[in-house]
Amino acid sequence: MQPTPDFDPGRLAKSLLRRSRQGALATLMAGSGDPYCSLVNLANHPDGSPILLISALAVHTRNILADSRVSLMLDERAAGDPLEGARIMLSGHAESADTDKDLLRRRYLNAHPLAETFVSFKDFSFFRIRPTGTHLVAGFGRIVDLKPEQFLTDLTGAEDLLAAEEGAVEHMNADHRDAMGLYATKLLGAAAGDWRCTGCDPEGLDMQDGQTVLRLDFPERVADGTALRKMLVRLAGEARTRMNQSATH
């Protein structure tokens, strides 16, 4: 059975990466090489690669330091039979964060605010999984292996946007929570809630209400702060138009 024409495996894999806040992390036991699986919280680098905050006391951390090869299972947590939902098994190498520590810390805390209480503990460190590939299962006839360039976001030429991201997120959350609500309810069909921005990248905006995460894809790629502002204003206008149309029907 061939996938239907509307099936976009790369886009679905990207969405699962961006929307997942927990996953099953598989590592290799130091010494024996036996498989070991644990539940972890995660956030995302602007390119979509997973960010972990893990303790040196944890078995999986000791395993990673001995052998960086890992796999990470993420799923949609679909209601009913969980096997009916889409899922990915991402393989790669978990690397200790020697660079970009401020970026990883900020994006992780945006996704997991409660981690503020222990993020500065000496035994906790940030790791970033550098993917080597992923196996996507999205239903019968929808099973695809993808290369990193098919599910990660290309950040080439987006240095200005990355520099502006922190200020943009703070500005949206401080002054434009109404727009965040409109994006969620009118453009993405979500329920009203306390939606806040957790990050942005050239391809979209991430929003969160508690543990519910939404991904707002941009219709075109943006690469700098000016283009980002214009895109957010444009999408807010589209959301208000839909709100007004629904009010008149």
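How many of the 11 residues of helix H3 are buried? Of the residues 101-111 that form helix H3, 8 are buried, so the helix is largely enclosed by the rest of the structure.

## Basis of the report

This is a predicted model, in which local features need pLDDT of at least 70 and side-chain atom pairs count only at pLDDT 80 or more, while totals for chains, interfaces and linings use all residues. Residues are numbered from 1 along each chain as its sequence is written, and side-chain values use heavy atoms, with hydrogens and water left out.

## The chain overall

The chain has 7 helices and 11 strands. Both are DSSP runs numbered from the N terminus: helices are H or I with at least four residues, strands are E with at least two. The radius of gyration of the chain is 19 Å, close to the 18 Å that the globule rule gives for 249 residues, so the chain is as compact as a globular protein of that length. The radius is taken over C-alpha atoms, and the rule is 2.2 Å times the number of residues to the power 0.38. Along its principal axes the C-alpha trace spans about 65 × 50 × 35 Å.

Buried residues account for 45% of the 249 residues in the chain. Buried means under 20% relative accessible area, exposed means over 50%, and partly exposed lies in between (1.4 Å probe, protein chains only). Among contacts (heavy atoms within 4.5 Å) between residues at least 6 apart in sequence, 62% join residues at least 24 apart.

## Helix H3 and Asn110

The buried residues of H3 are Leu103, Leu104, Arg106, Arg107, Tyr108, Leu109, Asn110 and Ala111. Asn110 counts as buried at 19% relative accessibility. Leaving aside neighbours within four places in sequence, Asn110 is in contact with Val169, Arg196, Thr198 and Gln208.

## The sheet E9-E10-E11

Strands E9, E10 and E11 form an open sheet of 3 strands in that order, with antiparallel pairing. Two strands pair if DSSP finds at least two bridges between them. Strand E9 (196-201) and strand E11 (212-217) stand at the edges with a single partner strand each, so one side of each is left without a neighbour in the sheet. Neighbouring strands are turned by 20 degrees against each other on average, direction ignored.

Strand E10 (residues 204-209) is joined to E11 by 6 bridges, and Met207 stands opposite Leu214 in E11. Helix H6 (residues 177-187) packs on the sheet and touches E9, E10 and E11, its direction making about 95 degrees with that of E10. Axes here are lines fitted to C-alpha atoms, for helices over the stretch in contact, and angles run from 0 to 180 degrees between N-to-C directions.

## Cysteines

The structure holds 0 disulfides (pairs of cysteine sulfur atoms within 2.5 Å). Cys197 is in no disulfide, and the nearest cysteine sulfur, that of Cys200, is 5.7 Å away. Cys197 is buried at 1% relative accessible area, and Cys200 is buried at 2%.

## Aromatic pairs

The structure holds 3 aromatic pairs. Rings of Phe, Tyr and Trp (its six-membered ring) pair if their centres lie within 6.5 Å; planes under 30 degrees apart count as stacked, over 60 as edge-to-face and the rest as tilted. The ring centres of Phe118 and Phe124 are 4.9 Å apart and their planes are at 40 degrees, so this pair is tilted. Phe118 is partly exposed at 27% relative accessible area, and Phe124 is partly exposed at 23%. Ring pairs link Phe118, Phe121 and Phe124 into a cluster.
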